[in-house]
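Subject: Structure to look through, with notes

Dear colleague,

I am handing over the structure we spoke about, and my notes on it follow below. Please read them with the model open beside you.

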Amino acid sequence: MASSRNEPSERSSPRLNGLDRIPKPFLIGVAGGTASGKSSVCAKIMDQLGQAGVDHRQRQVVIISQDAFYKNLTPDQDIKAKRGEFNFDHPEAFDFDGMAQALKDIAAGKIVEIPEYDYVNNCRKDSGMKIYPVDVVLFEGILVFYFKELREMFHMKLFVDTDPDTRLSRRVLRDIKERGRTLEKILHQYTTLVKPAFEEFCLPTKKYADVIIPRGADNTVAIDLIVQHIQELLRPTKTNKRTRHNSDSFVGRPH
Ligand SMILES: Nc1ncnc2c1ncn2[C@@H]1O[C@H](COP(=O)(O)OP(=O)(O)O)[C@@H](O)[C@H]1O
Ligand SMILES: O=c1ccn([C@@H]2O[C@H](COP(=O)(O)O)[C@@H](O)[C@H]2O)c(=O)[nH]1
């Protein structure tokens, strides 16, 4: 469960250019199918905002994965998960309340503890990640636009749109290398659960995106434009100097 405290920030680094005038973080949702490149796109955005090499306690941009909010499995579900038969792609698999509370606390400038997820053992790790007050939050996951309350909190919504064959081949390589899976189990889980759930729950949320990014992290033009746009939005001008609230976006486009 995410937890939060009203501790004062222990940091002294300067805020991102101009953000000292904007008290709330800029929340960006990044959705897309499995292995579409959501994490890679977020990493590139963070890099281009000049934050990649910065210590996590000093950072003004943070990436949070929705996967941190998978519910704990019951013993029966755990047995199914080990066989590749538990549906991790269904909205019910996520702790929606935990996600919403964490985002609200981050938006309120609190220090928040986010769980870390262990894909090998299908459970949360004992350790978590402390999120200090930041200027920009990139919240990525397959179903970040599925939950209305969550969706409406984002100031910018990106959908990473990568060809399904490419996604499957990347998922196979990644899950064998990093998530302790066998080819047989990956393909079984993909065809019976991941692909149908993508079509039912993830793909229909593409319509909520402000920007669709074809080819994911390879799309340097789209990423450059998004980074420029973020920097432009966050820079105070004579006309947008007023304080921004989540329900009072100064971004031109209505959601
Ligand atoms: N443009 C790319 N070219 C080659 N491999 C990529 C590319 N983008 C992502 N990958 C790889 O594909 C896998 C999934 O990418 P990732 O960014 O983690 O996707 P997601 O967060 O959507 O699951 C990772 O192993 C990553 O290194
Ligand atoms: O224990 C787990 C948790 C998740 N998954 C799969 O992960 C993807 C979501 O992560 P991406 O980084 O977006 O690919 C989802 O499709 C789940 O099926 C898992 O296999 N096991």
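The largest nonpolar core has 53 residues, and among these I28, V30, V136, V137, L138, F139 and L158 touch the most other members. Such a core is a set of buried Ala, Val, Leu, Ile, Met, Phe, Trp, Tyr and Cys residues joined through C-beta atoms within 7 Å. A residue is called buried if 20 or more other C-beta atoms lie within 10 Å of its own, exposed if 12 or fewer do, and partly exposed in between, with the C-beta atoms placed from the backbone. Helix 6 (residues 183-202) contributes the most to this core, giving six residues. Helices (H or I, at least four residues) and strands (E, at least two) are DSSP runs, numbered from the N terminus. Leaving aside neighbours within four places in sequence, L138 is in contact with I28, V30, C42, I45, M46, V61 and I63, where contact is taken to be C-beta atoms, placed from the backbone, that lie within 7 Å.

Please keep in mind that this is a predicted model, in which local features need pLDDT of at least 70 and side-chain atom pairs count only at pLDDT 80 or more, while totals for chains, interfaces and linings use all residues. Residues are numbered from 1 along each chain as its sequence is written, and chains are lettered from A and ligands numbered from 1 in the order in which they are written.

As for the chain as a whole, seven helices and eight strands are found in it, and 35% of its 255 residues count as buried. Among contacts between residues at least 6 apart in sequence, 80% join residues that are at least 24 apart. An unreviewed UniProt entry lists residues 27-221 as "domain: Phosphoribulokinase/uridine kinase"; UniProt positions are given in the numbering used here, feature names are shortened, and annotations may be inferred rather than shown by experiment. That span is 37% helix and 22% strand, and its end C-alpha atoms lie 22 Å apart.

Why is strand 3 largely enclosed by the rest of the structure? The reason is that five of its five residues are buried. V61, I63 and S65 point one way from strand 3, whereas V62 and I64 point the other way. Strand 3 runs parallel to strand 6 (residues 136-140), and five bridges join the two; strands are said to pair if DSSP finds at least two bridges between them. Within this pairing, S65 stands opposite E140 in strand 6.

Strand 4 (111-118) and strand 5 (123-131) pair in the antiparallel sense over six bridges, with P115 opposite G128 in strand 5. These two strands form a hairpin with four residues between them. N122, which is in the turn, has a positive phi of about 55° although it is not a glycine, and it counts as partly exposed because it has 19 C-beta neighbours inside 10 Å.

Now to the ligands. Which residues are closest to ligand 1? They are K38, S39, S40, R170 and R174, out of 13 residues that surround ligand 1, a residue being near a molecule if its C-beta atom, placed from the backbone, lies within 6 Å of it. Helix 1 (38-48) and helix 5 (164-178) each supply at least two residues of this shell, and the largest share, three residues, comes from helix 1. The shell around ligand 1 divides into two nonpolar, seven polar and four charged residues, where Ala, Val, Leu, Ile, Met, Phe, Trp, Tyr, Cys and Pro count as nonpolar, Asp, Glu, Lys and Arg as charged, and the others, Gly among them, as polar.

Ligand 2 is surrounded by T34, A35, K38, D67, Y70, F88, D89, Y119, N122, I142 and V194, which divide into six nonpolar, two polar and three charged residues. One of them, A35, lies in the loop between strand 2 (26-32) and helix 1, and has a positive phi of about 55° although it is not a glycine. A35 counts as buried because it has 24 C-beta neighbours inside 10 Å. Not counting residues up to four places away in sequence, Y70 touches F88, A93, F94 and Y117.

With best wishes

Technical notes. Contact = placed C-beta atoms within 7 Å.
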